[in-house]
Amino acid sequence: MFEATGFQALPGFILERIALYVSNRESTFAMTIYDPSYCDDKPVKAYLPLMAVNRTLRAIAASLFYRFASMEIGMSKRSHSRRYVMPSILTLEDVAKIGAQDYVKQIRLEVDAYVLEDGLYKDAGYIEDEIIPLIEKFSKFTSANTFYLTHNADSDFMYESKRRWRHVGEHPEDPKSKVLEDVDIAGALDKIKRAVVEAVPRARRVVFLGGNQNMYSPTEHDKKLNRNVLDFMESLVSSLALGHVSLMKTKVSKGLLASLSSSQMALRSITLSHNKGTQQHIEIVRRNWSRLEKLHLDHLTTHAVVRMTWGDGGSGTLVYPRLKHLCINVCSGSRSAIQRQPTANPFPALTTLICHGQFPFSTPIILTEGAKHIRRLDLDLDADLMEEYGNSLFAERSFEALENVTLGWCVRGSPRVPQSQILFTKALSIGAKTQVAHLHNLKVDWLDSASLKGLHALATLHSLDMELTSITPVQALMIFNACPQLQRAYISLQDETERRYSEIRMPDEAELTEFQETHKGCKSKLQSLGIYSTGFSRSRRAAEYIVMISNVLPCLKRVCVSSFIRVIPNKYIPDNAFASKLYDAINSALKRKAYKNNTKIHSIDFTIDNCW
């Protein structure tokens with residue numbers, strides 16, 4: 001049992017990390033911070049025991065368990081067929097009944113016109129009797145700051161709707177036809193909109209639009225229902241006070257464009273995700289140029305991104321004077337100098353620049369001008385960009401304010417050795433006070449102690465991440481020794497080049513002793529070591545070298561084996577088999593006679609984790 005007084009003395013953010021760690025939800029929670037369009041809507045039962053520890057931890061666990069609540073408009077007491085789809089999602093009604101509404105931060109309002117139509121078909125008073133009373137519960141959720149709007153179509157109710165309308169066409173004189181024709185979806189949604197606007201707290205910081213709006217062989221009735229729901233969403237958005245909007249797989253009408261471009265809306269943050277980058281989407285960004293502070297673009301083309309910087313009337317550059325954070329994720333298409341490029345820096349206040357995939361701009365002006373104020377730089381580079389701007393763009397200490405740098409090779413291809421060497425050197429020398437460095441998808445077989453000399457970032461570096469950039473055990477210790485302030489490192493480890501995937505023998509006692517003697521002068525301050533992956537013939541051989549490295553690092557407290565592997569930028573999938581096998585092999589290696597009385601190695605916490 002945890003000691004209550006000890007927990008009460010800890011800051012809230014530490015208690016929150018403890019709760020996330022216990023529930024194994026660290027990486028999922030981190031996604032909601034990185035990507036605002038990511039919706040983590042499933043409560044975790046692991047939080048429930050934490051609520052019984054003490055009052056302090058109960059408040060933290062409850063804030064995570066009840067963080068998200070949902071309401072499906074069209075869900076009636078007679079219609080439970082949708083419950084099996086998302087059985088673990090808490091509803092607003094459930095949360096309000098137990099008085100936990102103060103913990104809810106995110107609300108999802110899901111509209112299904114077919115379910116709504118079904119309810120109205122069966123009961124003319126369906127809206128007033130069942131839907132409005134549920135919406136009125138919104139007024140209790142005063143702590144919620146994120147509001148999701150989604151439009152989905154339940155296939156069962158869609159089929160039932162089409163069956164009824166076929167009946168109307170075949171039997172127009174049937175009395176049932178008159179009842180169906182009297183179903184006023186538009187009027188019902190208007191009543192719902194007025195109730196939502198009245199009940200929902202006005203300080204709505206974030207609104208998300210999206211959902212499953214694609215239909216196969218839609219009838220005129222399908223199109224009408226779909227249009228009614230979209231009109232409802234657009235009207236509702238225009239009635240709320242927003243600070244951020246995210247459009248995910250959402251078409252933009254002229255009405256929605258006008259609402260999101262008005263001065264009353266005052267959008268400071270925009271996310272476009274999985275849209276085609278149509279002119280309407282681009283115009284939403286362009287028309288908010290004077291107020292925009294954050295822009296997140298996900299799965300757009302290079303041409304769509306560049307068009308956002310075009311000035312009015314076909315000339316000049318559109319400048320975003322307040323934009324501080326620009327994230328371009330999975331950018332595709334060719335980068336062409338033929339396209340009109342900005343002639344001035346369109347982002348003069350930028351502090352964070354993230355671009356995964358193809359860098360969209362042919363001109364380096366965003367980077368050269370941004371070097372004075374960019375504090376976080378995260379770029380995927382390619383051969384053309386490096387050959388054209390490599391030396392001039394990433395000159396030594398050229399980024400005066402840089403604290404966090406991530407440079408790597410675009411996933412479309414692997415770099416040649418000279419390019420890898422240049423990129424490695426640039427990443428660790430362009431900043432005057434870099435504290436965090438992330439190098440990914442490089443080949444560093446050439447790395448030796450001489451190549452580390454004169455890299456300015458090594459003196460100030462606190463955290464180093466070398467994802468998909470494999471290094472040998474000797475190279476790892478070489479890097480750790482060269483960074484006097486380094487406390488955390490995450491590496492992909494491989495066997496020595498000439499023995500990779502061929503050596504199956506375990507190091508004998510003499511080799512363990514020789515390794516220990518060779519590196520006994522290690523002065524590294526590294527405290528936490530993460531292992532992404534290993535390039536060894538066997539897990540046991542990899543485990544032996546992980547233990548050998550750990551044994552010579554004097555300050556090491558924790559070694560973590562990742563249970564996730566990266567498939568595309570910022571997309572990870574579980575690989576528990578690899579993590580479990582390596583973890584078991586480490587435990588076996590620790591039982592060797594050489595470590596029997598070694599209190600130092602046995603004091604290190606070897607663990608499996610899903611989040612660094």
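**Close-up views of a predicted model**

**Figure 1. Helix 22 passes helix 23 in a right-handed crossing.** A crossing counts as right-handed if the near helix is turned clockwise from the far one by less than a right angle, and as left-handed if anticlockwise. The contact (heavy atoms within 4.5 Å) is made by E511, L512, F515 and Q516 of helix 22 with M548, I549, N551 and V552 of helix 23. These contact residues divide into five nonpolar, two polar and one charged. Here Ala, Val, Leu, Ile, Met, Phe, Trp, Tyr, Cys and Pro count as nonpolar, Asp, Glu, Lys and Arg as charged, and the others, Gly among them, as polar. The model is predicted: local features need pLDDT of at least 70, side-chain atom pairs count only at pLDDT 80 or more, and totals for chains, interfaces and linings use all residues. Residues are numbered from 1 along each chain as its sequence is written, and side-chain values use heavy atoms, with hydrogens and water left out.

**Figure 2. The protein chain comprises 25 helices and 19 strands.** Helices (H or I, at least four residues) and strands (E, at least two) are DSSP runs, numbered from the N terminus. Of the 612 residues in the protein chain, 54% are buried. Buried means under 20% relative accessible area, exposed over 50%, and partly exposed in between (1.4 Å probe, protein chains only). Among contacts with a separation of 6 or more, 78% join residues 24 or more positions apart.

**Figure 3. F424 and F480 have the most contacts inside the largest nonpolar core, which has 157 residues.** A nonpolar core is a set of buried Ala, Val, Leu, Ile, Met, Phe, Trp, Tyr and Cys residues joined through side-chain atoms within 4.5 Å. Not counting residues up to four places away in sequence, F480 touches L486, A489, I491, S524, L526, L529 and L553.

**Figure 4. F399 lies in the loop between helix 17 (383–393) and strand 11 (404–409).** What is the relative accessible area of F399? The value is 0%, so F399 is buried. Leaving out residues up to four places away in sequence, its contacts are L367, A371, I374, L377, L393, F394, I430, G431 and A432. F399 and G431 are 32 residues apart along the chain, and their C-alpha atoms are separated by 5.0 Å. R397 lies in the loop between helix 17 and strand 11 and is partly exposed, with a relative accessible area of 44%.

**Figure 5. V330 has a positive phi of about 55° although it is not a glycine.** Most residues other than glycine have a negative phi. V330 is found in strand 8 (residues 325–331) and is partly exposed at 25% relative accessibility. R397 also has a positive phi, near 55°, and is a residue other than glycine.

**Figure 6. K523 lies in the loop between helix 22 and strand 15 (528–535).** K523 counts as exposed because its relative accessibility is 73%.
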